[in-house]
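Hi,

Here is the structure I promised to pass on.

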Amino acid sequence: MDAMDELLYRHAAEARDLWLGALPPDELLPERPVSQRFARRMARLLRQGRRSPASNRALRYARRAAAVFLALLLGAGAFLGAAEARAAVLAWARETYGSKVLYRFTDETPETLPRYPAWLPEGFVLADDFQSDISRSLYYVNDETGKEFVFDYSYMYDGTQIELYNPNGIPDPEKLTVNGMEADFYPADNFSMTNYLIWFDEVRNTVFSIDSDLEKSVILHIAESVDLEDSTKN
Amino acid sequence: MLVYLTLIDSEDETSKFEIVYERYKDLMFYVADRILNDAEDAEDAVHQSFLKIIGVLEKIEDPLCPKTRSLIVIITERTAIDLNRKLRRTLLPMDGEPYAVSSGAGTEDIPVRMDVAAAIAALPARYREALLLKYDCGYSTAEIAQMLSMTEANARKTIQRAKAKLKQLLDEQEVTF
């Protein structure tokens, strides 16, 4: 380390305070309205985050933890029937904390199979497809109307959680079913701008969601068509 | 609804992004608006900045500490300057941007002082950003390159040039060290 390095280490914090001190304090910053486009793009940031190196490292960690837990489960299976063992550990839970809701998952062996909506509203095409080890996001758009929806599915590995955040507070969801599976529907508000449907396949340990400015009935129709077959991709 | 999927160890980690979002979005818009002078462009810059922030979220230990505030402003400033250059095709000197464009905080607002900290704060934006990330925040050259959207070799060169520029400023001001 030379003299300049030492000088910089000694004075960098003071320089930072001096530089940031020229900015207005937070309480005096103007509250800035944002466009719907910006709000929607912010709502999609999760798809970027999923592909981050951090999530991949976390996945490896969780899989190691899952391997240990699975060994314990197999031990327990000697005393329990398969169905009982499954029921004993199958779990997802919804927790509310003011402006956010957490869906936590504590299962071990999701079936990592590709899923697609077999029915699309007229004019919709697949425009983008993001995939990671733990999830996939399919983005569909109707270029004529500008309507869009994002169909997501994620594997319910132990330690996975889905967090919904809304600074206006999260209302209680409307309880629905999708092909007999439990589902929660959150209507759009002035922050989210889009309707959000989330449902849980407890047999294959997969959680699905649709985020869209389409009407609830249309979203439900899409959800009910989700299948293993790639019937609409092309 | 802001939705995110996480696979994490603690609840603290999950709330980091929303703390950053809530705490700094107005500040980020203030910085971006000041550089870009266009509401739509500023939204693009802030959105791109959040994408970068997600990429370095694990490196943020305390979302509310001054170092994090500095990191957020640096990322936003750099993103807005780069976008401004791209959109306006502004020709800028190779060793950094002119002061008037470069500072989201506005170097003109920094009190005139003749010391080392003031000289660092008054450096062209790219140089100041690189030095603060390295010597204040403690990031590696590779991490700085990621945050400033440049190659690692470029980040290393930028830090070298920033130190040379700082030495020149201190010599001109006859500040001894």
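How many bridges pair strand E10 of chain A with strand E11 of chain A, and in which sense do the two strands pair? There are 7 bridges, and the sense is antiparallel, with E10 covering residues 195-201 and E11 covering residues 206-212. If you want a spot to check by eye, A:Ile198 has A:Ser209 in E11(A) as its bridge partner. Do keep in mind that this is a predicted model.

That pair belongs to a bigger arrangement. In chain A, 7 strands make an open sheet with antiparallel pairing, and the order is E4-E5-E6-E11-E10-E9-E8. The edges are taken by strand E4 (125-131) and strand E8 (174-178) of chain A; each has a single partner strand, so one side of each has no neighbour in the sheet. From one strand to the next, the twist averages 20 degrees. Helix H6 of chain A (residues 216-224) lies across E6, E8, strand E9 (181-186), E10 and E11 of chain A, and runs at about 35 degrees to E8(A).

Staying with the sheet strands for a moment, the loop between strand E5 (135-141) and strand E6 (148-155) of chain A holds A:Glu144. Is that residue buried or exposed? A:Glu144 counts as exposed, because its relative accessibility is 79%. Between A:Glu144 and A:Phe124 there are 9.1 Å from C-alpha to C-alpha, with a sequence separation of 20 residues.

Strand E2 (residues 100-105) of chain A has 5 of its 6 residues buried, so the rest of the structure largely encloses it. Strand E1 (residues 92-97) of chain A pairs with E2(A) in the antiparallel sense over 6 bridges, and the partner of A:Ala93 in E2(A) is A:Arg104. E2(A) is also joined by 5 bridges to strand E7 (residues 160-165) of chain A, again running antiparallel. Here A:Tyr103 stands opposite A:Ile162 in E7(A).

Strand E7 of chain A also contains A:Tyr165. This tyrosine counts as buried because its relative accessibility is 3%. A:Tyr165 and A:Lys100 are 65 residues apart along the chain, yet their C-alpha atoms are separated by 4.4 Å.

Now over to chain B. B:Ser70 sits in helix H3 (residues 66-88) of chain B. With 0% relative accessibility, B:Ser70 counts as buried. What is B:Ser70 in contact with, once its neighbours within four places in sequence are left aside? The contacts are A:Arg16, A:Trp19 and A:Leu20 from chain A, plus B:Leu132 from chain B.

B:Leu132 is one of the buried residues of H6(B), which brings me to that helix. Of the 12 residues in H6(B), 11 are buried, so the helix is largely enclosed by the rest of the structure. Just after H6(B) comes B:Gly138, with a positive phi of about 80 degrees.

Have a look and tell me what you think.

Cheers

Terms used. Residues are numbered from 1 along each chain as its sequence is written. Chains are lettered from A and ligands numbered from 1 in the order in which they are written. This is a predicted model: local features need pLDDT of at least 70, side-chain atom pairs count only at pLDDT 80 or more; totals for chains, interfaces and linings use all residues. Side-chain values use heavy atoms; hydrogens and water are left out. Helices (H or I, at least four residues) and strands (E, at least two) are DSSP runs, numbered from the N terminus. Buried means under 20% relative accessible area, exposed over 50%, partly exposed in between (1.4 Å probe, protein chains only). Two strands pair if DSSP finds at least two bridges between them. Axes are lines fitted to C-alpha atoms, for helices over the stretch in contact, and angles run from 0 to 180 degrees between N-to-C directions. Contact means heavy atoms within 4.5 Å.
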